[in-house]
Amino acid sequence: MSTTTQAGARIASASSLGVLATLRRGVQVSPEILDGLWVTLALAVAAALGRVVVPIAVQQTIDTGIGAESGPDATRVAVLVSVAAVLLVGAGLCSALVNVRLFRSTEAGLASLRVRAFRHVHDLSTLTQGTERRGALVSRVTSDVDTISLFVQWGGIMLLVSVLQIGVATVLMAIYSWQLTIVVWACFVPLFLVLRPAQRHVNQAYTDVRARVGAMLGAISESVVGAETIRAYGVGARTARRIDAAVDATRGAMVRAQKLVAVVFSSGVLVANLVLAVVVVLGSYLGVAGDISVGQLLAFLFLVQLFTGPVQMATEILNELQNAVAGWRRVLAVLETPLDVVDPGADGVVSPRGPAHVRLERVRFAYPDGPEVLHGVDLDLPARTSVAVVGATGSGKTTIAKLVTRLMDPTGGRVLLDGVDLREVRGSSLRERVVLVPQEGFLFEGTVEENAAYGLRDGSASDDERRARVAAAVARLGLTDWVADLPDGAGTQVGQRGESLSAGERQLVALLRAYLAEADLLVLDEATSAVDPAAEVRIARALATLTAGRSTLTIAHRLSTAEAADLVVVVDAGHVVEVGSHAELVEADGVYAHMHAAWVSQTR
Ligand SMILES: Nc1ncnc2c1ncn2[C@@H]1O[C@H](COP(=O)(O)OP(=O)(O)OP(=O)(O)O)[C@@H](O)[C@H]1O
């Protein structure tokens, strides 16, 4: 047994790009974030410049107003204060505008990122989706995008303003006293050097946090979806323990990340206070020596605070940045996961409607990371024929059905629809011609009628048309009595996932849906859930009408279905071992004949 390829791409836990490459790629994916960036930047520069108004005003007021050589000059003080007030109001306005503009552009960018990530998740085959827990996948499109939004709207602008503020403060400080400026930088440079490796640890810690949050959401959503089974088997305590462990792991990861951030933050505060003390002492000496005026020293102290503020904030910004980069990496990993079932789109062949003929040629298949489960299957399913696939559990029947409906592609060989490889058929055309009716059709919250109408291909049909077509299908499948007996007829609510209906009723809705789809080939995974005899008769009658004159491939769990089929295909451990009519196969006295004999002796 040799497997050359494997089906389904795995969704990586995170993209492997570095911080800058992640940001660059993130912006490429959501270019709306950059909309009007230059104006926003100009406003941010104005807002940052506004921050030095106070130190300059203080210095000017003291040195040239109050402490003027010719005595205090009240007019000059008044002018200085008025100009400073106007500039401060202007800077405040710029700052508000920056926030509004950033909020608008990032929300637009992130909304489109969410939509794109969701579409991509949707386009991934069920096989690829299955490589990650559903809840964790949802968290990539929701909470991971939120972390990006937090950073871009707050951290991003703070980063920008901080860098500008440090630059402007440095220039002004150097004008007042280059000696003290060197001292300030000399104290902060080591801090920057320490921050760099710390940043890598914080980065790792936040990647861990995002992964744990995803795992936690996965565990929680699984326990909500599987609530009935959990209750039925009384495994609530075990499930609770699993969730507790996931919550605890998330808490642990967060605490670890926050501890790192706290250490970095405290060292920033410590250095900032140290610098202020050093500047006061050295500044006093320089003042006595006549190298700096009182106004300049006071202004310098203000500037030191302007300088240290962003440096301390840098740790918090770093925090947000790491969180955002970790989130961005996880979202990008989804977008970078290649589609394994690629729709050729407009380049694809439009398969003409009419009786469908399917051929499988040397089809091989292996699930991701699994052994080969189909070993070179050859099969011819003529048009307008009802085919029943039978075989032991795990023999590969469902796998064949998924390949014929192109929920996944074979890892070897090809599946042909009217002579054309399914990989070359346009997705919309394939969906029009081939419909899979799963054992348990998923019902959406809504009415019986709305759920049946999911089968309709014409999305533009009006409500009245839809209602009329559903009613016609109900009549055609002989379900008028059943619908009339429902509490609100076709308008009866099915509840979440159809849980207000019985298993048999859910099957009827699924059959209505399949009938409305008007497919040329129906692939039916026969329901195994037992229903009462009356429902059984109703389902059988509806099925007979649904399949009449159509090509059908049924995964038969009951041999009565095989008895009624035109052709029976027997699958055993990934090989097709017999093909023929029921009578022929019984006559041949092979695998099928023995299965049938065993079944007859048990049931009749
Ligand atoms: N998603 C999956 N990932 C990995 N292995 C899988 C997956 N689905 C099925 N398999 C394996 O592939 C083999 C064939 O499975 P398949 O579902 O086609 O069997 P089946 O004949 O339809 O069985 P049943 O009658 O129980 O539905 C089995 O060994 C099964 O364990």
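Residues are numbered from 1 along each chain, as its sequence is written. Because the model is predicted, local features need pLDDT of at least 70 and side-chain atom pairs count only at pLDDT 80 or more, while totals for chains, interfaces and linings use all residues. Helices (H or I, at least four residues) and strands (E, at least two) are DSSP runs, numbered from the N terminus.

Two packed helices are described by the angle between their axes and the distance between the axes. Axes are lines fitted to C-alpha atoms, for helices over the stretch in contact, and angles run from 0 to 180 degrees between N-to-C directions. Helix α4 (residues 74–123) and α7 cross at roughly 160°, and their axes come within 10 Å. The two helices, α4 and α7, are therefore roughly antiparallel to each other (a term for angles over 145 degrees). The crossing of α4 past α7 is right-handed, that is, the near helix is turned clockwise from the far one by less than a right angle. On the α4 side, the contact (C-beta atoms, placed from the backbone, within 7 Å) includes Val-98, Leu-102, Phe-103 and Arg-114, and on the α7 side Val-145, Ile-148, Val-152 and Ile-157 are among the residues. The residues of this contact of α4 with α7 comprise nine nonpolar, five polar and one charged; Ala, Val, Leu, Ile, Met, Phe, Trp, Tyr, Cys and Pro count as nonpolar, Asp, Glu, Lys and Arg as charged, and the others, Gly among them, as polar.

Helix α7 (residues 143–176) also packs with helix α8 (residues 178–225), at an angle of about 175° and with the axes 13 Å apart. Consequently, α7 and α8 are therefore roughly antiparallel to each other. Among the residues that meet are Ser-143, Asp-144 and Met-173 in α7 and Trp-178, Leu-180 and Arg-210 in α8.

Four strands form an open sheet with antiparallel pairing, in the order β2-β1-β4-β5; strands pair if DSSP finds at least two bridges between them. Each of the edge strands, β2 (372–381) and β5 (420–421), has a single partner strand, so one side of each is left without a neighbour in the sheet. Strand β1 (residues 358–366) is joined to β2 by seven bridges, and Leu-360 has Leu-379 in β2 as its bridge partner. Helix α12 (residues 397–404) lies across β1, β2 and β4 (412–417), at about 120° to β1.

Conventions
Angles under 35 degrees count as roughly parallel, over 145 as roughly antiparallel, 65 to 115 as roughly perpendicular and the rest as oblique. Two residues are in contact if their C-beta atoms, placed from the backbone, lie within 7 Å.
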